Amino acid sequence: MKTENQVALEFPSRSANEGFIRAAAACFAAQLDPTLEEVNDIKTAVSEAVTNAIVHAYPDTLGKIQVKLRIRADHSLEIAVKDWGVGIDDVEQARTPLFTTGGEERSGMGFTIMESFMDTLKVRSRPGKGTTVTMGRKIARRAGR
């Protein structure tokens with residue numbers, strides 16, 4: 001699928017950066033003229049993916065996170081969140097609702113939330129090498145625009 005526009009952002013895995021990337025993703029998606037509900041869905045999914053990278057990829061250290069945002073020719077948004085952290089041993093198990101490696105304070109619903117707010121969700125991971133979460137969302141064209 002042809003890319004119409006794209007941006008990539010890299011930042012340290014500090015929790016303070018989650019709010020920034022959430023807002024940046026919403027601003028980038030705005031060029032597709034999404035509804036408020038679509039914007040909120042995108043922000044929630046990005047927040048979950050970035051929070052997963054911060055909490056799980058680098059549990060005892062700071063690391064690098066990269067977010068790539070792409071506008072596709074079919075009026076869709078693609079978001080890839082990549083880390084170079086510890087990776088996921090069993091992706092299918094990690095995608096199971098309520099499964100977490102983050103202790104009692106984590107809900108284990110991150111992937112489930114991402115999946116429910118986006119049209120597509122792909123998770124690629126290699127233990128010791130990192131994880132890439134790629135999400136897609138088609139933005140409906142509104143009449144009169």
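**Reading the terms in this model**

Biologist: Why is proline 59 called exposed?
Modeller: Its relative accessibility is 52%. Exposed means over 50%, buried under 20%, and partly exposed in between, with a 1.4 Å probe and protein chains only as cover. Because 52% is over 50%, proline 59 counts as exposed.

Biologist: What should I know about the source of these values?
Modeller: This is a predicted model, in which local features need pLDDT of at least 70 and side-chain atom pairs count only at pLDDT 80 or more, while totals for chains, interfaces and linings use all residues. Residues are numbered from 1 along each chain as its sequence is written, and side-chain values use heavy atoms, with hydrogens and water left out.

Biologist: Where does proline 59 lie?
Modeller: Proline 59 is in the loop between α2 (36-57) and β2 (64-72). Helices (H or I, at least four residues) and strands (E, at least two) are DSSP runs, numbered from the N terminus. Glycine 85 is 26 residues from proline 59 in sequence, and their C-alpha atoms are 8.7 Å apart.

Biologist: How many helices and strands does the chain have?
Modeller: There are four helices and five strands, and along the sequence they follow the pattern β-α-α-β-β-α-α-β-β. Of the 145 residues in the chain, 45% are buried.

Biologist: What describes the packing of α1 and α2?
Modeller: Two packed helices are described by the angle between their axes and the distance between the axes. For α1 (residues 16-29) and α2 the angle is about 145 degrees and the axes are 9 Å apart. Axes are lines fitted to C-alpha atoms, for helices over the stretch in contact, and angles run from 0 to 180 degrees between N-to-C directions. On the α1 side the contact (heavy atoms within 4.5 Å) includes Ile21, Ala25 and Ala29, and on the α2 side Val39, Val46 and Ile54 are among the residues. The residues of this contact divide into nine nonpolar, three polar and three charged. Ala, Val, Leu, Ile, Met, Phe, Trp, Tyr, Cys and Pro count as nonpolar, Asp, Glu, Lys and Arg as charged, and the others, Gly among them, as polar.

Biologist: What makes β1 and β4 edge strands?
Modeller: The open sheet of five strands has the order β1-β2-β3-β5-β4, with antiparallel pairing. Two strands pair if DSSP finds at least two bridges between them. β1 (3-12) and β4 (120-126) each have a single partner strand, so one side of each has no neighbour in the sheet. From one strand to the next, the twist averages 10 degrees.

Biologist: How do you know that β4 and β5 pair?
Modeller: Seven bridges join β4 to β5 (residues 130-138). Because the definition asks for at least two, seven bridges make this a pair. Leucine 121 has methionine 135 as its bridge partner in β5, and threonine 120 has glycine 136. The hairpin of β4 and β5 has three residues between the strands, and glycine 128 there takes a positive phi near 80 degrees.

Biologist: How many bridges join β3 to β5?
Modeller: Eight bridges join these antiparallel strands, so they too meet the requirement of at least two. Serine 76 stands opposite lysine 138 in β5.

Biologist: Why is β5 called largely enclosed?
Modeller: Eight of its nine residues are buried, so the rest of the structure largely encloses β5.

Biologist: What covers the buried residues of α1?
Modeller: The cover includes β1, α2, β2 and β3. Among the buried residues of α1 are Asn17, Ala24 and Phe28.
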